[in-house]
Amino acid sequence: MPTLTKDDIRAQAQTCGFDLIGFASTERLDAVLPVEDQPSTISTTLTTLLVLAKHIPNGVSGALDRRQKQFSCGQIAQVIETASRELGYWLEQNAVMAATVPALFVDFTRETSAAANTPAGQGSRLLRAAAVESGLGTWGLNNAVLTSQYGPRVYFGGLLTNLALVQDSPLEKELCLGFEACGRCAAICPEKAIPLRAAAGADLASVRSLDEAACLKSAHPFGPDAFVEHLKATFAARGADQKKLIDSTSTRELWQNLAVLRQGAFTGCMECLQVCPVGEDAAAVQASPHRLQDFPAGIRFHREAGSIAVESVGPQWRRHA
Ligand code: SF4
Ligand code: SF4
């Protein structure tokens, strides 16, 4: 059987429905990730990680209703799982070993929170790091991965393989415009989870961060962490208060997230993705009448001695509420 080339694999990934594909070295990923995310804990023989990305449709990024968007993005995550499995079987038919890497699954034997799957349920820390290592994109201010084609409006999937191919290299130039030159993701975030203040002139690497625990509240409004909190409150309550918690919107929402939304439990917020100006799709997304209302007064910065702060405006759903 002839040996597969990168072009063969890229073409098949596109046939399976992926928009971007990168080839990352697990050795390099081991060197940059905390031990719980290192791919060598999954396999020491599958040393090439195919990182796969699917674009969030412009119609979803440009829309207003956040529940519809949560559902649509959860569907994209489901499609990625199915397409990864199909690509994996195709690789195995071509004498390659392949194992699907879960994009949103959290190993709760190692972690007590799903916070690593933030921001915006874009993908696990491992897959986002693989996207950066393989040159699909670079880290944004908010720890999302920005691609030149679609900015951060992508979800990631992956396959660990024993392919013996030359792996791709990281991009040399940052795609994120940086805090002072942009700051849009920080200004829109409903949880103030992205830095709102920085030293004047600070470089991107020193400002970039995400308060994952804060992001969770909007990104996974009825995800695993919210589920535990609801159970704790329900068991601790007594009498009428307990009945009220059982017969509540939260109980119904949690059931719906488990049974209907499924992967959508992790895609509750995409505010920082949809306002990012990076990407060939950004002009179309920003032209949406809904996106034009994100910053009706523009982005406002306040300068003080030695520091600069961006004004938090929050998302439209919170402003209008
Ligand atoms: S905008 Fe939403 S997804 Fe992005 S960091 Fe804030 S809460 Fe998380
Ligand atoms: S919105 Fe601006 S600051 Fe935030 S990630 Fe995108 S380019 Fe960077």
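**Figure 1. Pairing of strands E2 and E6 in the predicted model.** Strand E2, residues 48-55, and strand E6, residues 154-161, run antiparallel and are joined over eight bridges. Towards one end of the pairing, His55 stands opposite Val154 of E6. The bridge partner of Thr48 in E6 is Thr161. The model shown in this and the following views is a prediction.

**Figure 2. The four-stranded open sheet.** The strands of this sheet follow the order E1-E2-E6-E3, and their pairing is antiparallel. Its edges are formed by strand E1 (20-25) and strand E3 (98-101), each of which pairs on one side only. From one strand to the next, the twist averages 25 degrees. Four bridges connect E3 with E6 in the antiparallel sense. Within the sheet, Thr100 stands opposite Leu159 in E6.

**Figure 3. Burial of strand E6.** Strand E6 is mostly covered, with eight of its eight residues buried. In a regular strand, side chains alternate between the two faces of the sheet. On E6, Val154, Phe156, Gly158 and Leu160 point one way, whereas Tyr155, Gly157, Leu159 and Thr161 point the other way; all are buried.

**Figure 4. Helix H5 and the residue that follows.** Helix H5 spans residues 125-133 and is mostly covered, as eight of its nine residues are buried. The buried residues of H5 are Leu126, Leu127, Arg128, Ala129, Ala130, Ala131, Val132 and Glu133; charged side chains such as Arg128 and Glu133 are thus listed among them. Just after H5, Gly135 adopts a positive phi of about 80 degrees.

**Figure 5. The loop between E3 and H5.** Most residues other than glycine have a negative phi, and most peptide bonds are trans. A cis peptide bond joins Thr118 and Pro119, with omega of about 5 degrees. Pro119 lies in the loop between E3 and H5, and Ala120 is found in the loop between E3 and H5 as well. Phi of Ala120 is positive, near 60 degrees, although the residue is not a glycine. Ala120 counts as buried because 27 C-beta neighbours lie inside 10 Å.

Figure 6. Ala95 is placed in the loop between helix H4 (66-93) and E3. Its phi is positive, at about 65 degrees, although Ala95 is not a glycine. Ala95 has 11 C-beta neighbours inside 10 Å and therefore counts as exposed.

**Figure 7. Surroundings of ligand 1.** Ligand 1 is surrounded by 16 residues, of which Ala120, Cys189, Cys215, Cys269 and Cys272 are the closest. Helix H8 (212-219) and helix H12 (271-274) are the elements that give two or more residues to this shell. The most is given by H8, which supplies three residues. By class, the shell around ligand 1 divides into eleven nonpolar, three polar and two charged residues.

**Figure 8. Surroundings of ligand 2.** The shell around ligand 2 holds 14 residues, and the closest are Gly140, Cys176, Cys182, Cys185 and Cys276. This shell has ten nonpolar, three polar and one charged residues.

**Figure 9. The three-stranded open sheet.** This sheet has the strand order E7-E9-E8, with antiparallel pairing. Strand E7 (197-199) and strand E8 (301-304) stand at the edges, each with a single partner strand, so one side of each has no neighbour in the sheet. Neighbouring strands are turned against each other by 20 degrees on average, direction ignored. E7 and strand E9, residues 307-310, run antiparallel and are joined by three bridges. At this pairing, Ala198 stands opposite Ile308 in E9.

**Figure 10. The protein chain as context for the close-up views.** The secondary structure of the chain comprises 15 helices and nine strands. Along the principal axes, its C-alpha atoms fill a box of roughly 65 × 55 × 35 Å. The radius of gyration is 20 Å, which agrees with the value near 20 Å that a compact globule of 321 residues would have. Buried residues make up 42% of the 321 residues. Of the contacts with a separation of 6 or more, 77% are between residues 24 or more positions apart.

Terms used
Residues numbered from 1 in each chain as written. Chains lettered and ligands numbered in written order. Predicted model: local features only at pLDDT ≥ 70, side-chain atom pairs only at ≥ 80, totals over all residues. Near = placed C-beta within 6 Å. Rg over C-alpha atoms; globule rule 2.2 N^0.38 Å. Buried ≥ 20, exposed ≤ 12 C-beta atoms within 10 Å, placed from the backbone. Contact = placed C-beta atoms within 7 Å. Pairing = 2+ DSSP bridges. Axes fitted to C-alpha atoms, helices over the stretch in contact; angles between N-to-C directions.
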